[in-house]
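Please read it alongside the sequence and the coordinates.

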Amino acid sequence: MRVSGQESDAGWNCAWRVWLALTGLVAVSCLAIYLHAGMTGLSALVQSGPLSIVAQTAACVAVSWSAWGIGLALLRSPRIRVEHGVAIACSFVLLLLYVNFLRERIHYADVDDYVKAAFNLRDGTPFHVRYIYPPLLATLCQPFLPLGAHGVAALFWSANLVSLVAFFWLLCAALERYGFGRRLAEGLAFLFLVVNVPVLRTLGYVQINLHVLNLILLAFLLFPRHRIVSALALALAVHLKVSPLLLAVPFICVRDKRWITAFLAGLVGLAGLTSVFYGWAPFASFLANASHIYAANGICFRENSIDSLIRGAGVLAGTDTGALVPYVKVPFLVFFLGCAGYTMRRVTYVERADAGAGVLNGLPAWSAVMVLASPLIWEHHLVFLAIPFFAVAKKMRMPSEWVAYSLAYLLTFLLPTFDFYPWSFGRLFSAAVLMVLMVRSCRAADAEWVARAGQRVDAFFGFGKKGA
């Protein structure tokens, strides 16, 4: 039996009122217990489960319950349900999925490096050897240091959950710009994130990759309508993680002087934010750590850089092969740079009718170059290959191409992390395969499956009908 629009509205309003009532009941009961027996009374009602942290458990429950309430509040509007209902539902499911995973973790490794660097900056000491990022991140942490190391780490943890939801919405917007229908884009973005090892590792280690990627997507999606904001977004991404500097190349190639000027001003201005308060010593400390990047990162077979592949072979052979890295890596990088330039010269993924086509066509290949050029490629870094994989998928026609693509996707996003030389370097191999597929497909028109799939998704959900 079909539900009318009025009945649907009544159902959503009822669910919202139930959520409010339950929230109020919990809040009032907790307040009453606190007023009667203080924190001792509240603590008596709480137990710590096995391998869990009470505060973290409470935070996960609060995030999940709050997300449910926000979703209900938004979906009460018929217009929002029609336009964004699927995206809101997908966001909620993804958030629940990863919050429940994070609830089970009791140790988050990499976030400690950010927190230690923030205290290094406050104390005027050089950054510890594992901090190989520009000083801006440590500078932005300074107002929160009174919360203590655990408090700052909790802020990073919370910010990553926000960045996950933001990434889903930005990825949907990006896929639309690359020619996927809205509903198809939402479905593909959801499937991409629901099982994704790089995203899982980013959240599990409280890495900053999603923040950086969100800024990159903003930079490309806002161009050319909002040039200044676009430039500042990429400048901020560079100050969080240096490698996105390569992504300025597509903007330079289109010779947009206003964007380039704003980008340079953003780089200088953000550097000045640190130098005004702490001088230039933090930048010297960052450069010293970056120049000795291997000192804090020994040979690890899950680290998929070309550097690691060569150095790992030397360790197994009982000799130092570090000196060979430039001789092997440079020719590969020259090849990859040539591939990126080749794809940019073609109307490849976005038609010229799109005002931002010049830079959007450069994003997939230059994202792959950004990853492949890095001296360290941990599994969580491969989240930056999201757009390249989707852009190439639009062009896939031949069975052989789909086989190569599927294998690369499996190795990059689905296979669990493991350490087994050289088989654990499948992610490096996949990035190279992706680059070759981009070159092969750059002249091809979009495959028919994109339009057909979009039509079927729209037909299945019946979007646009009254009362939806």
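The lining of the largest pocket has 19 nonpolar, six polar and seven charged residues; Ala, Val, Leu, Ile, Met, Phe, Trp, Tyr, Cys and Pro count as nonpolar, Asp, Glu, Lys and Arg as charged, and the others, Gly among them, as polar. This is a predicted model, in which local features need pLDDT of at least 70 and side-chain atom pairs count only at pLDDT 80 or more, while totals for chains, interfaces and linings use all residues. Residues are numbered from 1 along each chain as its sequence is written, and side-chain values use heavy atoms, with hydrogens and water left out.

**Largest pocket**

- A pocket here is an open set of points on a 1 Å grid over the protein atoms alone, where a 1.4 Å probe fits, with protein on both sides within 12 Å along at least five of seven lines; lining residues have an atom within 4 Å of a point.
- The largest pocket holds about 780 Å³ of space, the volume being that filled by probe spheres set on the points, with grid points joined across faces, edges and corners.
- Its lining comprises 32 residues, and I132, K241, S374, L376 and H381 lie nearest the centre.
- At least two lining residues come from each of α4 (111-123), α13 (281-291) and α17 (363-372); helices are DSSP runs (H or I, at least four residues), numbered from the N terminus.

**Confidence**

- Mean pLDDT (the predictor's confidence in each residue, from 0 to 100) is 91 for the protein chain, with 97% of residues at 70 or more.
- Residues 464-468 have pLDDT below 50, and this stretch has five contacts in the model beyond near neighbours in sequence; contact means heavy atoms within 4.5 Å.
- Where pLDDT is low, the predicted coordinates should not be read in detail.

**Salt bridges**

- The model has 15 salt bridges, each defined as a side-chain nitrogen of Lys or Arg within 4 Å of a carboxyl oxygen of Asp or Glu.
- D256 and R227 form a salt bridge with an N to O distance of 2.5 Å. This pair links distant parts of the chain, 29 residues apart: D256 is in the loop between α11 (249-253) and α12 (257-278), and R227 is in helix α10 (residues 227-240).
- D256 is buried at 10% relative accessible area, whereas R227 is partly exposed at 27%; buried means under 20%, exposed over 50%, and partly exposed in between (1.4 Å probe, protein chains only).
- D419 and R302 meet in a salt bridge at 2.7 Å, N to O.
- D419 is partly exposed at 38%, and R302 is partly exposed at 23%.
- R182 pairs with E176, the closest N and O atoms being 3.9 Å apart; E83, E176 and R182 are linked in a network of salt bridges.

- D307 lies in helix α14 and is buried because its relative accessibility is 5%.
- Leaving aside neighbours within four places in sequence, D307 is in contact with Y294, V325, K329, S374 and P375.
- L95, in helix α3 (residues 78-103), is buried at 11% relative accessible area.
- Not counting residues up to four places away in sequence, L95 touches V63, A67, L161 and V165.
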